[in-house]
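Please keep the structure open beside the text as you read.

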Amino acid sequence: MNGTLLFSRLFATAGGSPKNTSFKVFDKSSKLLQRSKFAKLHPELSRRKDYLRDEIAIKTIERLAFITRPMDNLLDFGSNAGNFLNQLSTVTTIPENSDEVDVKIIEQLNKDKEIVRSKIKKLTMLDSSRDLVYRDKDVAQDVKFPGEVVRIVSDEENFSNEVFREENQYDAVISNLSMHWINDLPETLSHVHKILKKDGFFMATLFGGDTLYELRTSLQLAELERKGGIAPRVSPLVHLNDVGSLLTRAGFSMLTIDSEDIVVGGFPDIVSVCEDLQIMGENNSILSRSYLDRDVLIAADQIYRSLHGEPEGLPATFSIVFFIGWKN
């Protein structure tokens with residue numbers, strides 16, 4: 001284990017201009033290799049560790065089911081392995097011994113999936129990783145998606161790509177847990193706004209500022225103890241108020257923004273947390289990154305247990321920011 005970790009740089013500055021800026025925070029070639037590795041070499045393992053993206057895809061479907069505006073032509077921007085399509089085409093089963101409330105929730109979820117499936121005539125999936133975007137192309141689904149599916153392999157910041165060439169073409173754009181690796185988020189949001197039709201909407205999720213606070217605090221304290229300082233591993237994370245500023249500057253209106261913490265528990269040690277992040281392709285890829293040595297990692301594990309440990313294991317908190325913005 002080399003100790004590289006996830007920490008997402010979600011934006012350069014909320015007050016920066018959305019145009020004519022150039023931010024270089026991430027090593028994009030390294031990030032592409034990190035995201036593609038397990039999808040290519042161990043696809044089954046990659047699927048098992050997609051639990052967070054799958055959960056967010058379900059929450060996105062539930063929110064889309066409430067929207068009455070057309071979404072015939074929908075772009076999944078930074079689609080990862082197509083978790084949105086996969087969940088849309090899966091019938092959620094009711095576990096044994098479920099109570100009445102659980103049964104109603106699952107029945108409603110399956111209705112929501114049916115509603116959203118019927119609305120989308122064309123689904124375009126764009127992602128920089130070919131191995132991810134095609135990982136599940138031939139995997140059998142419970143329900144065949146009735147619309148057309150187009151897969152495009154391209155860097156999300158390549159604004160000359162075909163998805164950006166024509167303005168006012170998409171009824172809706174979604175993006176789930178992928179925009180945190182974009183160097184220039186304001187510019188990207190501006191281009192997303194341009195390709196939406198009038199009255200179209202952009203619905204997305206981002207990692208919020210408290211994501212993995214247990215891991216971050218443990219690493220910082222361990223490095224202070226063993227090294228006398230903190231290496232530049234952690235890049236800024238977005239906060240709720242920052243999202244509103246970014247979307248407004250990009251031209252979006254009628255904003256709805258909220259957040260939710262998802263706590264994944266039961267990790268036996270800090271290495272297990274790091275391994276899950278690595279398999280997800282969420283290792284650190286900032287240009288100024290450095291590697292953790294074994295001594296710091298051992299100290300961080302003890303601090304993690306002391307500060308955040310629970311009887312069933314170590315928790316990892318993912319703070320998710322949900323938002324939707326409309327184009328007038």
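## Terms and ground rules

A salt bridge here is a side-chain nitrogen of Lys or Arg within 4 Å of a carboxyl oxygen of Asp or Glu. This is a predicted model, so local features need pLDDT of at least 70 and side-chain atom pairs count only at pLDDT 80 or more, while totals for chains, interfaces and linings use all residues. Residues are numbered from 1 along each chain as its sequence is written, and side-chain values use heavy atoms, with hydrogens and water left out.

## The chain as a whole

The chain has twelve helices and seven strands; these are DSSP runs numbered from the N terminus, with helices (H or I) of at least four residues and strands (E) of at least two. Of its 328 residues, 56% are buried. Buried means under 20% relative accessible area, exposed means over 50%, and partly exposed lies in between, using a 1.4 Å probe and protein chains only.

The accessible surface comes to about 14,500 Å², and carbon and sulfur atoms hold 50% of that. Areas come from the Shrake-Rupley method with a 1.4 Å probe, and for residues only the protein chains shown count as cover.

## Charged pairs

How many salt bridges does a search of the whole structure find? The search gives 21. In one of them, the side chains of D50 and R135 meet at 3.1 Å, N to O. That pair links distant parts of the chain, 85 residues apart: D50 sits in the loop between α2 (43-48) and α3, and R135 in the loop between α6 (130-133) and β3. D50 is buried at 2% relative accessible area, and R135 is buried as well, at 10%.

The side chains of D258 and R63 also meet in a salt bridge, at 3.1 Å from N to O. Because D258 lies in strand β6 (residues 253-267) and R63 in helix α3, this pair ties together parts that are 195 residues apart in sequence.

K137 forms a salt bridge with D138, with the closest N and O atoms 3.9 Å apart. K137 is partly exposed at 45%, whereas D138 counts as exposed at 72%. Elsewhere, salt bridges that share partners join E44, R47, D50, R53, R135, D136 and E282 into one network.

## A buried arginine and a buried glycine

Is R35 buried or exposed? R35, found in helix α1 (residues 28-41), is buried, with a relative accessible area of 8%. Leaving aside neighbours within four places in sequence, R35 is in contact with N80, D127, S128, S129, L132 and G281.

G82 is found in the loop between β1 (73-77) and α4. G82 counts as buried at 2% relative accessibility. From C-alpha to C-alpha, G82 and K137 are 8.6 Å apart in space, though 55 residues separate them in sequence.

## Pockets and cavities

On a 1 Å grid over the protein atoms alone, a cavity is a set of points where a 1.4 Å probe fits but cannot get out; a pocket is an open set with protein on both sides within 12 Å along at least five of seven lines, and lining residues have an atom within 4 Å of a point. Grid points are joined across faces, edges and corners, and a volume is the space filled by probe spheres set on the points.

The largest pocket holds about 220 Å³ of space. Its lining has 13 residues, with L85, K137, Q141, F145 and V149 nearest the centre. The elements that give two or more residues to this lining are α4 (83-88) and β3 (148-153).

The whole structure has six cavities of 30 Å³ or more, and about 60 Å³ of space lies in the largest cavity. R53, A57, D76, G78, S79, N80, N83, F84 and N176 line the largest cavity. Two or more of these lining residues come from each of α3 (51-64) and α4.

Technical notes
Contact = heavy atoms within 4.5 Å.
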